[in-house]
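Dear colleague,

Please find below the structure that I am handing over to you. I would be grateful if you would look through it together with the notes that come after it.

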Amino acid sequence: MSLISKDSSKDSSNDSSQDSPQVSSQDTLARLAAVIDSRRGGDPDKSYVARLFAKGPDAVLKKIGEEATEVVLAAKNGDASRIVAEVADLWFHTLVALSAHGLKPADVLAELERREGLSGLDEFALRKMQQREGESS
């Protein structure tokens with residue numbers, strides 16, 4: 001199954017990149033999450049995702065840590081193709097973690113949309129204030 005498709009609705013008559021694929025990230029993430037969800041409880045001998053779930057939550061968390069480190073190393077080296085590949089691995093394993101907690105990519109996208117337009121510093125200050133209020137309750 002290809003996760004990349006051409007967007008035929010876009011007028012590309014003046015676009016020199018008309019042959020480049022367009023990725024619908026929300027659809028791609030939702031499809032991938034559905035596949036991950038379908039592999040829960042599957043045969044660990046036949047599915048990498050089923051094997052991760054069978055090993056328990058610590059295995060998923062360990063993979064996320066490993067992949068995050070690989071993203072850092074790829075970025076430090078400045079190798080664009082390695083950065084993309086390692087971020088894809090990181091996103092995949094975070095999707096597994098979301099699935100393990102009954103969450104969907106749409107939950108993360110909704111949070112990002114909520115933050116859109118907020119200053120990063122203002123958003124950080126708001127979270128810190130909410131954290132302090134939660135600790136004093």
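This is a predicted model: local features need pLDDT of at least 70, side-chain atom pairs count only at pLDDT 80 or more; totals for chains, interfaces and linings use all residues.

Overall make-up

The chain has six helices and zero strands. Read along the sequence, its pattern is accordingly written as α-α-α-α-α-α. Of its 137 residues, 20% count as buried. Among the contacts in the chain with a separation of 6 or more, 45% are accounted for by residues 24 or more positions apart.

The largest nonpolar core

The largest nonpolar core holds 14 residues, and the members that touch the most others are Ile-36, Leu-52, Phe-53, Val-60, Ile-64, Leu-95 and Val-96. The largest share comes from α4, which supplies five residues.

Leu-52, one of the core members named above, deserves a separate entry. Leaving aside residues up to four places away in sequence, Leu-52 touches Ala-59, Val-60, Lys-63, His-93 and Val-96.

The packing of α2 against α4

The axes of α2 and α4 lie 11 Å apart, and the two helices pack at an angle of about 55°. The two helices are therefore oblique to each other. Their crossing is right-handed. On the α2 side, the contact is made by Tyr-48, Val-49, Leu-52 and Phe-53, while α4 contributes Phe-92, His-93, Val-96, Ser-99 and Ala-100. Sorted by class, this contact has seven nonpolar residues, two polar residues and no charged residues.

Leu-29

Leu-29 is placed in helix α1. Is this residue buried or exposed? Leu-29 has a relative accessible area of 17%, and residues under 20% count as buried, so Leu-29 is buried.

Which residues does Leu-29 touch, not counting those up to four places away in sequence? They are Trp-91, Leu-95 and Pro-105. One of these, Leu-95, is also among the core residues that touch the most other members.

With kind regards

Definitions and conventions. Residues are numbered from 1 along each chain as its sequence is written. Side-chain values use heavy atoms; hydrogens and water are left out. A nonpolar core is a set of buried Ala, Val, Leu, Ile, Met, Phe, Trp, Tyr and Cys residues joined through side-chain atoms within 4.5 Å. Buried means under 20% relative accessible area, exposed over 50%, partly exposed in between (1.4 Å probe, protein chains only). Helices (H or I, at least four residues) and strands (E, at least two) are DSSP runs, numbered from the N terminus. Contact means heavy atoms within 4.5 Å. Axes are lines fitted to C-alpha atoms, for helices over the stretch in contact, and angles run from 0 to 180 degrees between N-to-C directions. Angles under 35 degrees count as roughly parallel, over 145 as roughly antiparallel, 65 to 115 as roughly perpendicular and the rest as oblique. A crossing is left-handed if the near helix is turned anticlockwise from the far one by less than a right angle, and right-handed if clockwise. Ala, Val, Leu, Ile, Met, Phe, Trp, Tyr, Cys and Pro count as nonpolar, Asp, Glu, Lys and Arg as charged, and the others, Gly among them, as polar.
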